[in-house]
Amino acid sequence: MEPGFTVTVNGVAREVAAGPERSLLEVLREELGITGPKLGCGEGMCGACTVLLGRRAVTACTTPAGEAAGHRVTTVEGLAEDGLLHPVQQAWMETGAMQCGYCTPGWLTGCAALLARVPHPDDARIDAELAGHVCRCCTYPRIRAAVHRAAE
Ligand code: FES
């Protein structure tokens, strides 16, 4: 039997039966059934798998699940609170920032982390901070607009 550990995902303590060296993305999606974070490149280059580890945005595909042991993980499913969308989610809808939507969960968690640290980022800061996220539909101008709207 593989060693296990506990991780708190979206506010709920979950027992993980996988080895700590498995990627956090695999554990979230395959073991815990949390499919918001997406597999894109699998190499930390596209941001589709981004989740919050504590307050820090991390690429779950390159993060060993064991690093999350005893910590709080927030996925896109956990951004809304008390029945209200997170301001970034609301802004995404209002600006039409997504097209195919595959990368959206990663962008949303990455933007939430950015705004928690930098409440009113300018365009240069948005571009620099979110450079690790790729959108194949190239909705970058609308994504930038969504970040500004969420910051209002
Ligand atoms: Fe993790 Fe691309 S799938 S960064």
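Reader: So two strands pair if DSSP finds at least two bridges between them. In what order do the strands of the open sheet stand, then?

Author: S2-S1-S5-S3-S4, 5 strands with mixed pairing. Strands are DSSP runs of E with at least two residues, helices are runs of H or I with at least four, and both are numbered from the N terminus. This is a predicted model, so local features need pLDDT of at least 70 and side-chain atom pairs count only at 80 or more, while totals for chains, interfaces and linings use all residues. Residue numbers start from 1 along each chain, as its sequence is written.

Reader: Which strands stand at the edges?

Author: S2 (12–16) and S4 do; each has a single partner strand, so one side of each has no neighbour in the sheet.

Reader: And how much are neighbouring strands turned against each other?

Author: On average by 40°, direction ignored. Axes are lines fitted to C-alpha atoms, for helices over the stretch in contact, and angles between N-to-C directions run from 0 to 180 degrees.

Reader: Which helix packs on the sheet?

Author: H3, residues 104–117. H3 touches S3, S4 and S5, and its direction makes about 35° with that of S3. Contact between two residues needs their C-beta atoms, placed from the backbone, to lie within 7 Å.

Reader: Let's zoom in on S3. In which sense do S3 and S4 pair?

Author: Antiparallel, over 4 bridges. Leu52 has Ala57 of S4 as its bridge partner. The hairpin has 2 residues between the strands, and Gly54 takes a positive phi near 65° there.

Reader: How many bridges join S3 to S5?

Author: 2, and those strands run antiparallel too, with S5 covering residues 72–74. Leu52 stands opposite Thr74, and Leu53 is opposite Val73.

Reader: Switching topic: what are the domains of the protein chain?

Author: Domain 1 is 5–78 and domain 2 is 87–150; such bounds come from an automatic or database domain assignment. Their C-alpha centres lie 20 Å apart. For the contact, domain 1 gives 16 residues and domain 2 gives 13.

Reader: Which strands each supply at least two residues of domain 1's side?

Author: S3 (50–53) and S4 (56–59). S3 gives the most, with 3 residues.

Reader: What's that side like by class?

Author: It has 8 nonpolar, 5 polar and 3 charged residues. Nonpolar means Ala, Val, Leu, Ile, Met, Phe, Trp, Tyr, Cys and Pro; charged means Asp, Glu, Lys and Arg; the others, Gly among them, count as polar.
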